[in-house]
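Please consult the sequence and structure shown here.

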Amino acid sequence: MTTPALLPLSGRRIPTLSPGASSFPHHRATLRLSEKFILLLILSAFITLCFGAFFFLPDSSKHKRFDLGLEDVLIPHIDSPKEGKHASGQVVIHGQGAHDEHRHREEEESLRDKIRADHERALQEAKEKLRKSREELQAEIQTEKNKVAEDLKKKDSGPKPLPPVPMPRVVGVSDGEPPEPDVKEKRDKIREMMKHAWDSYRQYGWGHNELKPLAKKGHSTNIFGNSQLGATIVDALDTLYIMGLHEEFKDGQEWIEQNLDFGVNAEVSVFEVNIRFIGGLLAAYYLSGQEVFKMKAVQLAEKLLPAFNTPTGIPWAIVNLKSGVGRNWGWASAGSSILAEFGTLHMEFVHLTYLTGNPAYYQKVMHIRKLLAKMDRPNGLYPNYLNPRTGRWGQHHTSVGGLGDSFYEYLLKAWLMSDKTDTEARKTYDEAMEAIERHLIRKSNGGLTFIGEWKNGHLERKMGHLACFAGGMFALGADGSPDDKAGHYLQLGAEIAHTCHESYDRTVLKLGPEAFKFDSGLEAVAVRQNEKYYILRPEVIETYWYMWRFTHDPKYRQWGWEAAQAIDKYCRVSGGFSGVKDVYSSSPTYDDVQQSFFLAETLKYLYLLFSSDDLMPFESWVFNTEAHPLPVLHLGNITLPGSEPAQR
């Protein structure tokens, strides 16, 4: 799930240089380097001559002042033998004044001799340089440049090979063909939609983060900064693999091997880059076994670590991949970090520690959990904003939709991914769900169960599309619930799924709005114009899939098929798929963005909905919030580096 404020309907396209445009500036930089090198040699020789001559001047007041400076800087202060202890607390050794003075004179003379020798050597080298011809100097400069380039190449060649670790048992990563011909036909249609989305991106936006399918060119938003990191490629890889589109997967792998570079000067969202890039790369590694994906994930993770350099250890929302400088979104409650962002790192970071043996990743996310456990929570609820400098909550706004959503999801999934041994995460999840049910979940007059938002002591009777993932979360967490509440939470998941289906069914396009109200006689309907859009979001279909897996009620497949048909009818264009600005209009306008999560999540969940249950079984896989599957870690007696046995 993605915070809505981070995904504007349209984004300013970052201007890019044509392939040959960079060669001229690079050439000019080379000339400047050569000129500066020669000037530097001449200047160095001149300074050396002056400084060397200085030492051979007769003893003078200037020389004496120089001696005084050396004594002040290099020789420890010796107190008078009459005093036992200086006012500053410096202990003085009695009776050794004359001896110490003689010793220090010898040290001083030795130092002067060394300085004279160094400067004479430097002067001689400079003279030899100046005797050389222009061609010889240029050859030396080129040699030095080649050496620097080689050193940089070695430095940028990536981290050292990672330590070997047991590969989790990978099962159910392909096939899953349903026995029913009509279901297979629907699944084939979803694969065809994926092929259209991918091929369009391949043709018109290759290497860009996303695609503008009407303009037929690349697109990017501020969550990726001014970079071309191929977000759609990384996000789509595991969907391609699961669907058996292996040629397309190979194309994506080749681009990543040759072009994916995280040393760019770009400010990126830590949260979005973690769930899309690190999650996507790790999933591709576990599915295919190709080492390049693991290595790239680790390289990127190292670039994100500086974001945690805050007084509290709560990470900044944004980090510059090159400089490591972090900051927060300007709109986020007086410089606060966002719950759904700093709370949605656990799954990926635990796998990073598992694969690398580096405890830093595990320790960072466990530190966040421990800090939150110590804090007071109003009505047992977690506010969406936390200041990383002060460690205090921002404005008291709690949501299971945008700004809060995946924090709760990752508490549950941390427990599942640990093979249900991380009982601390499960307990925290259960307590949070109890508070949410008490304060946020209500039934409308028409009998629809919805999840409102808590704002400064008041319940806003509005539910976002993002919050619709919670139906699947309640179903996924039903087994293991305290006080025999498994049946209750499965039912709650079904009720949320029904409400979210109604939000789709009550529109003209049969696609759900971004947010919908439950007051003033209106239910499951968007009121404001800026809430009537659909940007290819996956959360409702995600819940349909989880509910299908746990109940096999055919209505979930039917609802999913209705959504797939609506997407294909109203969002498909010749250059891919686009979001629409008004789901209540029979002639909607497009936002001209094919989101990367459409390929990572929406189409993947639809494909899984029409596949048999042995494709990506829950016993072996846990999906991150971008629908990237990570294997359950059956750690047994293995303890993650940096963890404490009591926490496992």
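## Contacts of E257

Leaving aside residues up to four places away in sequence, E257 touches V292 and K296. In this predicted model, E257 is found in helix α7, which covers residues 246–259. Although E257 and V292 are 35 residues apart along the chain, their C-alpha atoms are separated by 6.8 Å. E257 is partly exposed, because its relative accessible area is 40%.

## Aromatic pairs

The whole structure contains 27 aromatic pairs. One of them joins F349 and Y361: the ring centres are 5.7 Å apart and the planes lie at 85°, so the pair is edge-to-face. This pair links distant parts of the chain, with F349 in helix α11 (residues 346–356) and Y361 in helix α12 (residues 360–374). F349 is buried, at a relative accessible area of 0%, and Y361 is buried as well, at 1%.

Y546 and F618 form a stacked pair, with 5.4 Å from centre to centre and 20° between the planes. Y546 belongs to helix α17 (residues 539–551), whereas F618 lies 72 residues away in the loop between α19 and β18. Y546 counts as buried, with 2% relative accessibility. Both rings are part of one aromatic cluster, together with W545, F550, Y605 and F623.

## Charges over rings

R549 lies over the face of F618, 5.0 Å from the ring centre. Likewise, K186 lies over the face of W561, at 5.4 Å from the ring centre.

## Confidence

The mean pLDDT of the protein is 85, and 78% of its residues reach 70 or more. Confidence is lowest in helix α2 (residues 61–74), with a mean of 33, and highest in helix α19 (residues 596–609), at 99.

Methods
Residues numbered from 1 in each chain as written. Predicted model: local features only at pLDDT ≥ 70, side-chain atom pairs only at ≥ 80, totals over all residues. Heavy atoms only, no water. pLDDT = per-residue confidence, 0-100. Helix = DSSP H or I, 4+ residues; strand = E, 2+ residues; numbered from the N terminus. Buried < 20%, exposed > 50% of the residue type's maximum accessible area, 1.4 Å probe, protein only. Contact = heavy atoms within 4.5 Å. Phe/Tyr/Trp six-rings, centres within 6.5 Å; stacked < 30°, edge-to-face > 60°. Lys NZ or Arg CZ within 6 Å of the ring centre and 35° of its normal.
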